[in-house]
Amino acid sequence: MTRFRKAFAFAAISLAATAPTARAEAPKAQDVLVNYSNIAEATYGDSLTTARALKAAIDTLLKTPTADTLAAARKAWIAARVPYMQTEAFRFGNPVVDGWEGRVNSWPLDEGLIDYVSEAYGGDNPENEFYAADVIANPHLKIGGQTVDASKITPGLIRDTLHEAGGVEANVASGYHAIEFLLWGQDLHGTEAGAGERPATDYDLKACTNGNCDRRAAYLTAATDLLIEDLAWMTAQWGAKGEARGFIMKDDKAGLTAAFTGLGSLSYGELAGERMKLGLIIHDPEEEHDCFSDNTHNSHRGDVIGIRNVYLGRYTRTDGSTVSGPSVSDLVRDKSPDIDARVRAALDFTVGKMDAMVARAETVEAYDQMIGPNNPDGNAVVQAGIDALVAQTKELERAITVLNLKDIKFEGSDSLDQPDKVGGGGN
């Protein structure tokens, strides 16, 4: 989920396409779309596998809540993000994915809906009556003027009643970030060093800290079970008879349009704009994607790896095997080797900038510190990633023109297009 989003239709680009190089066998669009769908199925499948590993680690934590088992559960959560973030390139162009995605990766969230928060968080928000509802501490809530029985925390309660309660997108009750909050707790360090510091004793029924350890454990279990259920459903949608695959395969041009819409929208409006530029403009650590765990640098890199996977038609699975085949790169190269080379170079350049961000996060400072005020070096690393994403979007536009795909709209962002609306100017 994003904020300050608007539709962005790219302007037609006038260019003289390089004469295509002769190919022994030009790829067929259907073959490209089959491979695209196979990669989607594999990437969501790996997301499901790693979510099940996360479930096992959480079960161990709840059975024996210690610093070590909590650390292991956190490590499993970070590992689960690796394949999932690479799936985001399949968003924006496919209604099956877009209608589902909010259940698993919505952000930012008003975490006071779920559990205890610091006094600095505040107890009231005129735009969200559930801002500090604290479901874990309160087995009965009023939603829409009706009393809701939350005495038993189940996947159904989270999915059907709590998630986006009152129609407010910030009421994120399910998915990766709800689980992240329950494993780390709030990050109260601002733009100083440090992530969330929830103690393992928050799940210790015999030496409980912060109250309601049984309900907190029930919520964590239910949220994790729901994540697995959601990922299993989406993996099936990319199977041989799945609806997401069917949408891509029913028409060559529509399928390729969906693929490029996802690549450009994630590259420009979502990642460069909402997830990166916005936080850099307002220097707000709450605008980092994985804000409780300080894992944002890895998630951003996962997104750009996913974009490159789709363009090149190649995905390396978590077990080391590879899914590959005819790609949109092959289609572009058949029309213009020069444009294809430009896109590939731009993608690699962006990955390099994200690698630099990851290296800084691992050796110098976390992402929320990089976007902080009075930090020109950190700001510059983030801005370099933004610039690379914007530049690669322009190269993707060239590829779209070469393939004669029309009426493609990329997601935009006021953070890039009208920064005065979100804080006045850029960096």
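Me: Which elements give two or more residues to the lining of the largest cavity?
Reply: Let's start with the lining itself, bearing in mind that this is a predicted model. The residues around the largest cavity are Val32, Asn35, Tyr36, Ile39, Phe90, Asn309, Val310, Gly313, Pro326, Ser327 and Val328. Helix 1 supplies the largest share, with four residues. The elements that give two or more are helix 1 (29-63) and helix 9 (296-312).

Me: How many charged residues are in the lining of the largest cavity?
Reply: The largest cavity has a volume of about 60 Å³. Sorted by class, its lining has seven nonpolar and four polar residues, and the number of charged ones is none.

Me: Which element gives the largest share of the lining of the second largest pocket?
Reply: This pocket holds about 210 Å³ of space. Among its lining residues are Val82, Gln86, Ile305, Arg308 and Tyr315. Two or more residues come from each of helix 2 (67-86), helix 9 and strand 4 (314-316). The largest share, four residues, comes from helix 9.

Me: Is Asn379 buried or exposed?
Reply: You will find Asn379 in helix 13, residues 376-402. A polar atom of its side chain lies 3.1 Å from the backbone oxygen of Gly372. The cut-off for buried is under 20% relative accessible area. Asn379 has 10%, so the residue is buried.

Me: Why is the pair of Trp77 and Trp184 edge-to-face?
Reply: A pair of aromatic rings is described by the distance of the centres and the angle of the planes. For Trp77 and Trp184, the centres are 5.4 Å apart. Planes over 60 degrees apart count as edge-to-face. Here the angle is 75 degrees, so the pair is edge-to-face.

Me: How many residues apart in sequence are the parts that Trp77 and Trp184 tie together?
Reply: Both Trp77 and Trp184 are buried. Trp77 lies in helix 2 and Trp184 in helix 5 (residues 176-184), so the pair ties together parts whose separation in sequence is 107 residues.

Me: What is the angle between the planes of Tyr84 and Tyr176?
Reply: Tyr84 lies in helix 2 and Tyr176 in helix 5, so this pair ties together parts that are 92 residues apart in sequence. Both tyrosines, Tyr84 and Tyr176, are buried. Their rings are 4.8 Å centre to centre, and the pair is tilted, with an angle between the planes of 40 degrees.

Key:
Residues numbered from 1 in each chain as written. Predicted model: local features only at pLDDT ≥ 70, side-chain atom pairs only at ≥ 80, totals over all residues. Heavy atoms only, no water. 1 Å grid on protein atoms, 1.4 Å probe; cavity = no way out; pocket = protein on both sides within 12 Å on 5 of 7 lines; lining within 4 Å. Points joined across faces, edges and corners; volume = space filled by probe spheres on them. Nonpolar A, V, L, I, M, F, W, Y, C, P; charged D, E, K, R; others polar. Buried < 20%, exposed > 50% of the residue type's maximum accessible area, 1.4 Å probe, protein only. Polar contact = N/O pair within 3.5 Å; in protein donor to acceptor, adjacent residues only side chain to side chain. Phe/Tyr/Trp six-rings, centres within 6.5 Å; stacked < 30°, edge-to-face > 60°.
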